[in-house]
Amino acid sequence: MQFRRLGNSGLKVSNLCLGTMAFGRWIDEDSSARVLDAALDAGVNFVDTADVYGKGMDNDTPDQKGESEAILGSLLGARRQRLVLATKVRGEMGRGPNEQGLSRGHIMAAVDASLRRLRTDYIDLYQCHSFDPNTPIEESLRALDDLVRQGKVRYIGCSNFAAWQIAKAHGISERLGLARFVSVQPQYSLLVRDVEGELLPFCRSEGVGVIPYSPMARGLLTGKYRKGEEPPAGTRAAAGEKRLHALMSDETFDRVERFRAACTEWGLAMPQVATAWVLANPAVTSAIVGASKPEQVADAAAAAELQLSAEQLQTLDQIFATPRG
Ligand SMILES: NC(=O)c1ccc[n+]([C@@H]2O[C@H](COP(=O)([O-])OP(=O)(O)OC[C@H]3O[C@@H](n4cnc5c(N)ncnc54)[C@H](OP(=O)(O)O)[C@@H]3O)[C@@H](O)[C@H]2O)c1
């Protein structure tokens, strides 16, 4: 496993991050324990969660959110100190108008709830889950800076932000002497490449760490789904994950079949090539992979070591090129 600085900060993270959105949502605590152990045994020191992760994401029951954080809190024990623990705030955690968003009040309440569930007294990387157009970013940054000064949070980051939103936040942080976003967490994979136009060049220019999520397109790039066939039992597609089904079009399946043929020719596994491709981008610090089984973590760890050749990268570009309209 390689360790890299997160953006311009002094924090060192493994180039593979274990995403734990599955914990408590699709897999129980015992299976989560096996996945977590496999990741830590492979040398991963970076774990990502969010306050909203849990069954409540699917059944719209706020009480059933927070399960991923709670499972991590129960499993980590003494190992917590060696880890870089990242979580997020912004999603709906209750029915009230102030139980979501990036207002000072919600950030202050949400961080305490996350610390309680995670059974820790600090969060290494506290991320805004997405932009909140209904709160001045200055209000959010002041609240986040207070958390850094109080020691509840060590670094702040954002997720699903556009380049202009980070640039605006950086300007405010600099003007007011507040903590600055050190990283961004965007969706990025061979199938979802919109960040290549502006966000990734911006992050390279400004020293912002990039920690992409869903490098395997939620499982679609692993080759386990085929056009016109029922998803295999026990998968997220079978469980009805909406954002995964939204990616499944005939055109995408055709590209995935060409991807399968290329990987077969190279003698490489599809999940590994998909993750290695994300890591090959020089803007990327660490890829956030998901797993429901320990074997999947082992595959991801191999991907973190895999160097694709220039020719392989070119072939992948051709298969997944987005037509310009
Ligand atoms: N900031 C955000 O808005 C946001 C959004 C989404 C995710 N995230 C973060 O990113 C993390 C990763 O997201 P993701 O889980 O969608 O990423 P992903 O790595 O693209 O997909 C992971 C899924 O792919 C399948 N898979 C992985 N390795 C495999 C292998 N070797 N063979 C066969 N199938 C394999 C598994 O599906 P099955 O479980 O179906 O087998 C696994 O759950 C999340 O846990 C979360 O921390 C953040």
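1. Which polar backbone atom lies 3.0 Å from an oxygen atom of the ligand? That one belongs to M21. Keep in mind while you look around that this is a predicted model.

2. Have a look at D299, where a polar side-chain atom sits 2.7 Å from a nitrogen atom of the ligand. As for how wrapped up the ligand is, on its own it has 910 Å² of accessible area, and the protein covers 95% of that.

3. Now for the neighbours. There are 29 residues around the ligand, and the ones that come nearest are D48, S214, K224, R236 and D299. Sorted by class, the shell has 13 polar, 10 nonpolar and 6 charged residues.

4. Where in the fold do these neighbours sit? Strand 10 (287-290) gives at least two residues to the shell, and so does helix 11 (294-303). Strand 10 makes the largest contribution, with 3 residues.

5. Next, empty space. Rolling a probe the size of a water molecule over the atoms shows where some is left. Searching the whole structure this way turns up 1 cavity of 30 Å³ or more, and the largest cavity has a volume of about 30 Å³.

6. What lines the largest cavity? You'll find L16, L18, A39, V44, V289, A291 and V297 around it. By class, that lining has 7 nonpolar residues, with no polar and no charged ones.

7. Last, the aromatic rings. You describe a pair of them by the distance of the centres and the angle of the planes. The whole structure has 5 aromatic pairs. One of them is Y188 with W277: the ring centres are 5.2 Å apart and the planes are at 45°, so this pair counts as tilted. The two partners come from distant parts of the chain, 89 residues apart. Y188 is in the loop between strand 8 (181-185) and helix 7 (199-206), while W277 is in helix 10 (residues 270-279).

Note on methods: Residues numbered from 1 in each chain as written. Predicted model: local features only at pLDDT ≥ 70, side-chain atom pairs only at ≥ 80, totals over all residues. Heavy atoms only, no water. 1 Å grid on protein atoms, 1.4 Å probe; cavity = no way out; pocket = protein on both sides within 12 Å on 5 of 7 lines; lining within 4 Å. Points joined across faces, edges and corners; volume = space filled by probe spheres on them. Nonpolar A, V, L, I, M, F, W, Y, C, P; charged D, E, K, R; others polar. Near = heavy atom within 4 Å. Polar contact = N/O pair within 3.5 Å; in protein donor to acceptor, adjacent residues only side chain to side chain. Areas by Shrake-Rupley, 256 points an atom, 1.4 Å probe, with all protein chains shown as cover. Helix = DSSP H or I, 4+ residues; strand = E, 2+ residues; numbered from the N terminus. Phe/Tyr/Trp six-rings, centres within 6.5 Å; stacked < 30°, edge-to-face > 60°.
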